[in-house]
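Open your viewer and get ready to click along.

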Amino acid sequence: MPRTAREQGRTGYYHIITRGNAKQIIFEDDKDYSFYIYLISKFSKEMGVVINAYCLMDNHVHLLVYDPEFNISQMMKKIDVTYAKYYNEKYDRVGHLFQGRFLSEKIDNESYLLTAFRYILQNPEVAGVAVASEYMWSSYRYYGTINTFVDTDIFVGIIGSWEKYAKYISEKCNDRCMEFETISNDDEWALTILRTTIGMSSGSSLQTLNKHERDKCILKLREKGLSINQISRFTGLNRNIVQRAK
């Protein structure tokens, strides 16, 4: 069956989300986050797409873009294909890294544009990861700057000074935007998933399995969204063993 064409908005602004396959972790360390941001910068410029905001979480990415020519599909394909190749080679894995096509939502008025902007930057805070202003992997700090690929001019024109911006982003609100179903990937969640997935009371039980069975369990845990670091810590297995499971 052919894919349904994406609906083009009248303003040119879109909220985009891409996520790891089966909620899989797609960023294991700082270099992974940095490389994905580099790809956003590289391919947005190449495709003529303006990046207004971004936020990278451990298993998904939010972008706010201006794209009157509707080149986002080509941009996201270039970003995700390049990143998946990098990630699979780095962590010695095969298969799809991202969950199908990215999601896109057209933004047709100024009110919702502001809502999406704040929603994206508040993601780490809502998830309990970090205060929005302190999160490293979002575009929060680029508000009003000119020497970056992030263009916030429209928001500076609407919101105003940095002080007003900081206040706006920090406001507690009930903003609702397009979102994948989310889960908390903290250690308590990870331990619960580990026990229910492998059917053992202790992760260290994986050490008693033969390589084939151990790798099957590791791959199941990765598919459920546990990071390499979490699996290594909760099972006592060397990180290299977890990373190389096939």
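Start by selecting Arg214 and Asp215: both are buried, a word that here means under 20% relative accessible area, with exposed meaning over 50% and partly exposed in between (1.4 Å probe, protein chains only). Before you click further, note that this is a predicted model, where local features need pLDDT of at least 70, side-chain atom pairs count only at pLDDT 80 or more, and totals for chains, interfaces and linings use all residues. Residues are numbered from 1 along each chain as its sequence is written, and side-chain values use heavy atoms, with hydrogens and water left out.

Keep that pair on screen. The side chains of Arg214 and Asp215 form a salt bridge at 3.8 Å, N to O; the term stands for a side-chain nitrogen of Lys or Arg within 4 Å of a carboxyl oxygen of Asp or Glu.

Is Lys211 buried or exposed? Lys211 is exposed, with a relative accessible area of 53%, while Asp215 has 3% and therefore counts as buried.

Colour helix α7, residues 211–224: Lys211 and Asp215 both lie in it, 4 residues apart, about one turn of the helix. Helices here are DSSP runs of H or I with at least four residues, numbered from the N terminus.

Next, select Lys167 and Glu171. Their side chains meet in a salt bridge of 3.5 Å, N to O. Lys167, at 53% relative accessibility, counts as exposed, and Glu171, at 31%, counts as partly exposed.

How many salt bridges are there by this rule? The count comes to 11.

Note on methods
Helices (H or I, at least four residues) and strands (E, at least two) are DSSP runs, numbered from the N terminus.
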